[in-house]
Amino acid sequence: MREGAAHPRYSLRPCKELDVDVVLSQVFTGISIGSVLLLAALGLMLTFGQMGVINMAHGEFMMAGAYTAYMVQRGFPDEISLLVSIPIGFVVGGLMGLLLEAVVIRWMYHRPLDTLLVTFGVGLVLQQLARDIFGAPAKQVRSPSWLHGQVDVFGYQWPISRLFITAMAILAVVGVAATMRYTSLGRRIRATVQNRDLAETVGISTRAADRATFFIGSGLAGVAGVLVTLVGSTGPNLGQSYIIDVFLVVVAGGIGQIKGTVIAAFGLGIIDSFLSHATSGSVAKALIFVLIVLFLQARPEGLFAVRTRSLV
Amino acid sequence: MKTIKLAPATWGTIGGIALLAVLLFAVAPAALDAFRLGQLAKYLCWAIAAVGIGLAWGRGGMLVLGQGLYFGLGAYAMAFHLKLEQAGPDGVPDFMKLYAGGVMPAWWEPFRSGAFTIAVIAIVPALVAGIIGYAVLKRRVKGAYFAILSQALAAAFAILLIGQIKSTGGSNGLNNFTTFFGYNLYLPENKVMIYQITAAVLIVALVIVAVLYRSRYGELLVAARDAEERVRFLGHDPANIKLVAYVVAAFLAGLGGAMFVPVVGIITPSNVDALASIALLAGVALGGRAALFGPVVGAIAIGYAQSALSENFPGSWSYFQGALFIIVILLLPGGLASLFARMRRTPAHTQVQLKQEEVPA
């Protein structure tokens with residue numbers, strides 16, 4: 001007899017929580033939550049990994065993306081406005097990132113912790129700006145009709161809009177990974193991350209690499225913002241509601257690690273959905289935190305850490 | 001007779017604390033009306049927590065973004081007691097009749113005892129900080145990772161408070177207290193007494209931290225902040241050094257939270273969530289995070305500015321607070337204290353660590 005299986009402490013209660021149906025549906029919900037987290041975390045991972053800079057205004061860049069979708073909808077028919085919003089959201093987020101980098105962050109590369117507080121201040125100002133421009137009540141962005149309805153996946157009715165977000169998240173990961181792996185820009189960014197001084201010595205403009213990273217990373221936040229309009233309403237607090245979860249994804253995944261970020265985002269999403277199902281949402285949140293602290297006990301540098309010879 | 005010789009800087013510290021005590025106990029009650037004195041008492045609660053943040057962040061280099069957790073533990077313990085005091089012996093707090101059908105959870109029962117409540121306020125925040133700090137610091141989690149985890153802590157705590165509406169009052173929090181250890185909260189002389197207790201707690205907090213700063217431990221803490229590896233090579237464990245600062249900071253935050261409840265008369269999750277926690281840092285940064293008096297001055301100034309701006313220009317506070325973070329941290333990382341320090345030579349440990357450890361890449 002195998003240890004554990006028949007032991008009363010380990011015996012599994014025959015209740016609905018263990019139903020295969022429920023398990024699968026929780027996995028799907030988790031993937032859906034994870035996709036949103038992944039889109040937002042991907043950009044953060046880039047900017048965080050590039051310079052060790054924590055951009056607390058990243059959530060507000062998402063918010064800007066969501067409001068971009070709202071504005072674009074006024075000029076375009078619903079059927080295409082979402083598709084138009086995605087590139088515009090990317091540019092809006094990216095330009096905000098460039099501006100932030102040029103005005104504030106470039107002066108503070110040697111003080112990464114202080115950057116966190118400064119960008120938090122920027123986030124506060126952006127939130128209040130949104131409140132003054134668009135008003136405090138949330139705005140509704142209409143989703144195009146081709147995203148309405150459900151499709152059948154393994155016998156489950158699944159909203160097309162959720163699948164679309166997952167598809168876009170995967171697309172974004174592939175896009176970022178390919179850019180980093182195969183383009184000259186990606187090589188320059190990687191070189192700067194790995195050894196800033198050496199990269200400069202071989203003639204790479206690390207300043208340009210920093211700016212490019214910030215543009216792409218913040219642009220991804222804008223895209224994430226456009227896409228979250230499909231699953232939630234658009235308000236001044238949109239960024240705030242995501243930022244801590246997104247940071248936890250980056251922390252758990254390991255700095256600058258695409259692989260780690262993907263696994264952490266989906267992992268966190270799935271754990272979240274299971275815990276929310278088994279307990280109440282509020283207990284789930286607290287449990288997730290405990291899990292992450294325990295996880296960091298095992299792997300203090302996240303899932304995948306870059307090996308360096310440095311002491312710290 | 002043996003005379004005690006103290007360095008001039010020590011006399012400065014003692015004089016500063018004495019001056020603050022005179023201002024708080026003699027000048028402020030005479031100069032301010034009852035309403036303003038109550039407001040000042042509220043700022044002092046934040047200042048108590050800020051003194052701890054100065055220790056952990058300014059001297060210890062730990063960016064503590066989740067002190068709301070410890071502030072909240074102290075505050076809710078006090079609020080539990082005050083609610084039970086109001087309900088009377090064997091009574092059930094009013095909000096539980098509303099949300100929980102008049103059923104009180106068993107773990108509320110011990111809070112009927114004032115002594116138990118005070119013990120919880122003194123022990124639980126420090127204990128929780130000890131456990132979390134040990135787990136996190138021993139694994140050398142630091143820098144940005146530490147900051148984010150501490151922030152997630154406060155966020156999770158607030159969500160938990162909102163979710164457990166039957167025992168915490170949910171997002172409305174706990175309010176409508178009538179007595180404070182038998183003293184009627186509506187009587188003006190009792191309000192002054194609560195103000196005086198708060199001021200006394202702040203003075204005690206300052207003395208504790210001043211003694212720590214002057215001790216060998218205080219030097220080690222600064223050393224662990226500025227050159228952690230060297231401290232480790234010298235045979236000390238930086239994790240233990242930082243843990244002490246983190247626990248003391250949590251203890252002080254708990255005291256500030258406990259006094260906040262009788263002073264303000266309400267405690268809600270929005271007083272202790274991630275946003276409230278990071279707001280506590282604004283005062284510390286403004287006053288000077290590594291200076292002894294910086295956090296106190298900063299917290300009082302920020303509290304005053306928030307009240308004044310919110311009264312006169314609603315909505316402008318967010319801009320002001322945001323701008324404050326940007327301008328102070330970017331241009332004046334040592335806070336107002338560094339302006340004074342520039343006028344006279346100050347020892348290096350009161351200065352802010354400017355070169356921070358970068359994330360290993």
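Buried means under 20% relative accessible area. The legends below describe a predicted model.

**Figure 1. Overview of chain A.**
Of the 312 residues in chain A, 51% count as buried. The chain has 11 helices and 2 strands. Read from the N terminus, its elements follow the order α-α-α-α-β-β-α-α-α-α-α-α-α. Among the contacts in chain A with a separation of 6 or more, 75% come from residues 24 or more positions apart. Chain A exposes about 13,800 Å², and carbon and sulfur atoms supply 64% of that area.

**Figure 2. Helices H2 and H3 of chain A.**
Helix H2 of chain A covers residues 58–75, and helix H3 of chain A covers residues 78–103. Their axes come within 8 Å and cross at roughly 140°. The crossing of H2(A) and H3(A) is right-handed. On the H2(A) side, the residues that meet H3(A) are A:Phe61, A:Ala64, A:Thr68, A:Ala69, A:Val72 and A:Gln73. On the H3(A) side, they include A:Asp78, A:Ser81, A:Val84, A:Ser85, A:Ile88 and A:Gly89. Further along H3(A), A:Val92, A:Gly93, A:Met96, A:Gly97 and A:Leu100 also take part. By class, the residues of this contact between H2(A) and H3(A) are 9 nonpolar, 7 polar and 1 charged.

**Figure 3. Surroundings of A:Thr261.**
A:Thr261 is located in helix H10 of chain A, which spans residues 258–278. With a relative accessible area of 0%, A:Thr261 is buried, because buried means under 20%. Leaving aside neighbours within four places in sequence, A:Thr261 is in contact with A:Leu38, A:Ala41, A:Leu42 and A:Met45, and also with A:Val249, A:Gly253 and A:Gly254.

**Figure 4. Surroundings of A:Arg190.**
Helix H6 of chain A, residues 184–194, holds A:Arg190. A:Arg190 has a relative accessible area of 29% and is partly exposed. Not counting residues up to four places away in sequence, A:Arg190 touches A:Met180 and A:Arg181. A:Gly232 is 42 residues from A:Arg190 along the chain, and the C-alpha atoms of the two are separated by 35 Å.

**Figure 5. Helices H2 and H8 of chain B.**
Helix H2 of chain B (residues 34–59) packs with helix H8 of chain B (residues 188–214) at an angle of about 15°, and the axes are 9 Å apart. H2(B) is therefore roughly parallel to H8(B), since angles under 35 degrees count as roughly parallel. H2(B) passes H8(B) in a left-handed crossing. From H2(B), the contact is made by B:Leu37, B:Leu40, B:Ala41, B:Leu44, B:Cys45, B:Ala47, B:Ile48, B:Val51, B:Gly54, B:Leu55 and B:Arg59. From H8(B), the residues of the contact include B:Val192, B:Tyr195, B:Thr198, B:Ala199, B:Val201 and B:Leu202. B:Ala205, B:Leu206, B:Val209, B:Leu212 and B:Tyr213 of H8(B) take part as well. The contact of H2(B) with H8(B) has 19 nonpolar, 2 polar and 1 charged residues.

**Figure 6. Surroundings of B:Leu20.**
B:Leu20 belongs to helix H1 of chain B, residues 8–31. Its relative accessible area is 13%, and B:Leu20 is buried. Apart from neighbours within four places in sequence, B:Leu20 is in contact with B:Leu202, B:Ile203, B:Leu206 and B:Val296. Two of these residues, B:Leu202 and B:Leu206, are also listed in the contact of H8(B) with H2(B). B:Leu20 and B:Ala31 are 11 residues apart in sequence, and 15 Å apart in space from C-alpha to C-alpha.

**Figure 7. Surroundings of B:Ser167.**
B:Ser167 lies in helix H7 of chain B, which runs over residues 165–168. B:Ser167 counts as buried at 9% relative accessibility. Not counting residues up to four places away in sequence, B:Ser167 touches B:Phe80, B:Phe95, B:Met96, B:Pro105, B:Trp107 and B:Trp108.

**Figure 8. Two loop residues of chain B with positive phi.**
B:Asn176 lies in the loop between strand S1 (174–175) and strand S2 (179–180) of chain B. Phi of B:Asn176 is near 60°, a positive value in a residue other than glycine. B:Asn176 is partly exposed, at 41% relative accessible area. B:Phe181 is found in the loop between S2 and strand S3 (183–184) of chain B. Phi of B:Phe181 is near 50°, again positive in a residue other than glycine. B:Phe181 is partly exposed, with a relative accessible area of 28%.

Definitions and conventions:
Residues numbered from 1 in each chain as written. Chains lettered and ligands numbered in written order. Predicted model: local features only at pLDDT ≥ 70, side-chain atom pairs only at ≥ 80, totals over all residues. Heavy atoms only, no water. Axes fitted to C-alpha atoms, helices over the stretch in contact; angles between N-to-C directions. Helix = DSSP H or I, 4+ residues; strand = E, 2+ residues; numbered from the N terminus. Parallel < 35°, antiparallel > 145°, perpendicular 65-115°, else oblique. Left-handed = near helix turned anticlockwise from the far one by under 90°. Contact = heavy atoms within 4.5 Å. Nonpolar A, V, L, I, M, F, W, Y, C, P; charged D, E, K, R; others polar. Buried < 20%, exposed > 50% of the residue type's maximum accessible area, 1.4 Å probe, protein only. Areas by Shrake-Rupley, 256 points an atom, 1.4 Å probe, with all protein chains shown as cover.
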